[in-house]
Amino acid sequence: MTTIAGLSQILSALALTGFTGVTLWLLARSPSRMATLMSAPRRLAMAAAATALWCGALYVFSPGSSQALVAQALRDLAMIGWLGATFWSPRAPMSRPLRLILRMLVTICLLTLLLGTAAHLRAGAAAEPWMTPTLTFAAMVVAVGGLLVVDGGVRNASAGQRMPVMAVAGSFAMLWAYELNAQLIGALTGETASTLIGLLPVVALLTLPTYVVAAMDVGRERMQLSRTAAMRTLLLLGGAVYLVLIGLTGAVARMVGGDYAALAQATSLIVALGAGGLFLASDRVRAWLSVMISKHFFEHRYDYRAEWMRFTATLGQISEQGSGGDDDRNLYRRVAKALAELTGSPAALLMLPGASGAFRVAEQWHWPAGIEEEAALSLRTAFMLQETRHIVDLDAERRGQGGEDLAIPDWLVADNRAWVVVPVLHFQRMIAVVVLHRPAVSRALDWEDLDVLRIAGQQAASYLAESQSQQALSEARRFDEFNRRFAFIMHDIKNLASQIGLLARNAERHADKPDFRADMVQTLKISAGRLSDLLVRLSPRERGPAADAGRILIEPVLNDIAAEARPRRALFVGCQAGLAAWGDAGSIRQVVQHLVANAIDASEAGTPVQVVAVAEQGRVRIDVIDQGAGMTRAFIRDELFKPFVSTKEAGFGLGAFEALQIAQAMGGAIEVASEPGKGSNFTLWLPHADAHGDAGVDARMMKVGSK
């Protein structure tokens, strides 16, 4: 007992310090315009000050003493005054029975305070033996009445009442309930519950934070407990109730007589283990408890902030453990999972439109086996859901209370596991349908469920629409790449057709000459090879110019191009001996062929075309020079290398554009110098093979040196 008394004195000192500090802080926070005794901060400060005086009496005289009970009357008077002024107003007046209870409590507190103070001033310590039972009885009456006032105030409070204010009222109720419990145990057993009374400062310290929270919310934004905090509070209250029941059971057992301790312990153990095992093992019990708590303890069924964060995290492939899984990698499955978890459903189906337009099962999340392969929503059903935007309660459809005829298929109505059909709409277009599995504890849908599912469906639709847009864009890019290749090939086919046509016209005049026939056969072989190359370039698996890059001798390439162009025009080729570029032989040949063909087209018959290749500034320079009509600087700057822009009547406008694209892919460039009437000079720059090899050797040496 000495230990309890010493601990109680230390805790009383801490409570005195804490409530004194809170009182001063509340007075400092009160604005001058509200510096009346009836302002909200002042009333709270008065309750804190009275509690501080009571804690001082506990420190000086010890808990349970008559002096502490007199100070307790002052504390109760301040608390009752705060309750009456906070929960009732002229717009929401107090009921007549509560008004009578409140007046009676105020009268008892005032009489206790006045008579107790007078008795101790007159008789001193001698008054304590005969005053303590009277003051204890008065404190019990005030505690019971105070609990009634708190209950009435909470019932009278509007839905918008601030949660911290409710917490202060709850702390008052906790203090009164604790004191009433300790006094009842003493009255029933005939012995003072000294341990419980000695721990009164602990309960006082527990109520201290509610003053701070309430003061911070006065006149400011609304605050409320999160569901997690509320659930934990309920668990703590449940534990407290359990302990009180155990204490009352022990008190009753002592009053009745006999040794019932073993029976009480065995009974409590069986009940605790049974309830705990049922809660842990049964999904249905947990779901039922969750529904009951949400229904009776919370204003809304959903904790919207927490649910929305979890919903978006599931859709956005965010795993709390960071491990990820099949659910995280499949968007369709994530959508089904997110909507199911939102309503507590254990499984879900996601249906997408097929080729015929009917919606078929495309993905499922934990759905039990037994879905038919031909299960589908008809076009009529899809149109009705899209137009009405209804979220279908299948239980209502089974009872014939669905309202509009939405033509829900028989397989869905017959499957009792199916609970809700959610259309996933994106800008008035239904892109998916989600069927939710019945939860462990079935319930009817209300307006809150419908609103949450409708908004969540729109959010999920945006993810699905974005995914479908990405797929469509990918296909469009593949078609665009194919169309671009085909356009380039059409340009090359036109050149080949012109070359073969010229060969056919010359054959009419020179077919009897052996030299011409030999050139014609060679030209046809080259043309056939180029056509084969063009077909290869149409393949989607064609490798880019950089894939086959290597050391290429320039002179053989230029000689082949000159031999191919001989039927149209004789080329003057000059090449530095041993000149080699780094690139792809076919790509270099294609670029130079484009430039040579354009030079021939731009020149008059009999006008020479020159091709000169040299090494310059560590790069390979290939010049294609003609004496044709030339081009203006504006045309070179604004139109030459743009696709589908050509000066030829039957031209595609792709030759220069394609040549530039191929040259840049090899790390090269094309430079143009031209003047109208003076011809043009196209310069192809390519990486020099020797410089490229030296750079590669230097890079490898640097890597080796760094190791």
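The legends below describe close-up views of a predicted model. Because the model is predicted, local features are reported only at pLDDT of at least 70 and side-chain atom pairs only at pLDDT 80 or more, while totals for chains, interfaces and linings use all residues. Residues are numbered from 1 along each chain as its sequence is written, and side-chain values use heavy atoms, with hydrogens and water left out.

View 1. Ser12 is found in helix H1 (residues 2-29), where helices (H or I, at least four residues) and strands (E, at least two) are DSSP runs numbered from the N terminus. Ser12 is buried, at a relative accessible area of 0%; buried means under 20% relative accessible area, exposed over 50%, and partly exposed in between (1.4 Å probe, protein chains only). Leaving aside residues up to four places away in sequence, Ser12 touches Cys55, Leu58, Tyr59 and Pro201, a contact being heavy atoms within 4.5 Å.

View 2. Tyr59, Val60 and Phe61 form a nonpolar patch on the surface, with about 300 Å² of accessible area together. Patches are made of residues with over 30% relative accessible area and no salt bridge, with like charges joined within 9 Å and nonpolar side chains (Val, Leu, Ile, Met, Phe, Trp, Tyr) within 5 Å; a salt bridge is a side-chain nitrogen of Lys or Arg within 4 Å of a carboxyl oxygen of Asp or Glu. Accessible areas come from the Shrake-Rupley method with a 1.4 Å probe, and for residues only the protein chains shown count as cover. Val60 belongs to helix H2 (residues 40-61) and is exposed, with a relative accessible area of 58%. Ser62 lies in the loop between H2 and helix H3 (66-87); this residue, which is not a glycine, has a positive phi near 85° and is partly exposed, at 35% relative accessible area.

View 3. The strands follow the order S3-S2-S1-S6-S5-S4 in an open sheet with antiparallel pairing, two strands being paired if DSSP finds at least two bridges between them. Strand S3 (376-377) and strand S4 (392-393) are the edge strands, each pairing on one side only. Strand S2 (residues 359-365) pairs with S3 in the antiparallel sense over two bridges, and Arg360 has Ala376 in S3 as its bridge partner. Helix H15 (residues 379-388) packs on the sheet, touching S2, S3, S4, S5 and S6, and its direction makes about 100° with that of S6. Helix H14 (residues 331-343) lies across strand S1 (348-353), S2, strand S5 (418-426) and strand S6 (429-437), running at about 70° to S2. Axes are lines fitted to C-alpha atoms, for helices over the stretch in contact, and angles run from 0 to 180 degrees between N-to-C directions.

**View 4. His366 in the loop between S2 and S3.** His366 is found in the loop that lies between S2 and S3, and has a positive phi of about 60° although it is not a glycine. With a relative accessible area of 54%, His366 is exposed.

View 5. Strand S10 (residues 609-616) and strand S11 (residues 619-626) pair in the antiparallel sense over seven bridges, with Ala613 opposite Ile622 in S11. The hairpin of S10 and S11 has two residues between the strands, and in it Gln617 takes a positive phi near 55°. Eight bridges join S11 to strand S13 (residues 680-687), the two running antiparallel, and Arg621 has Trp685 in S13 as its bridge partner.
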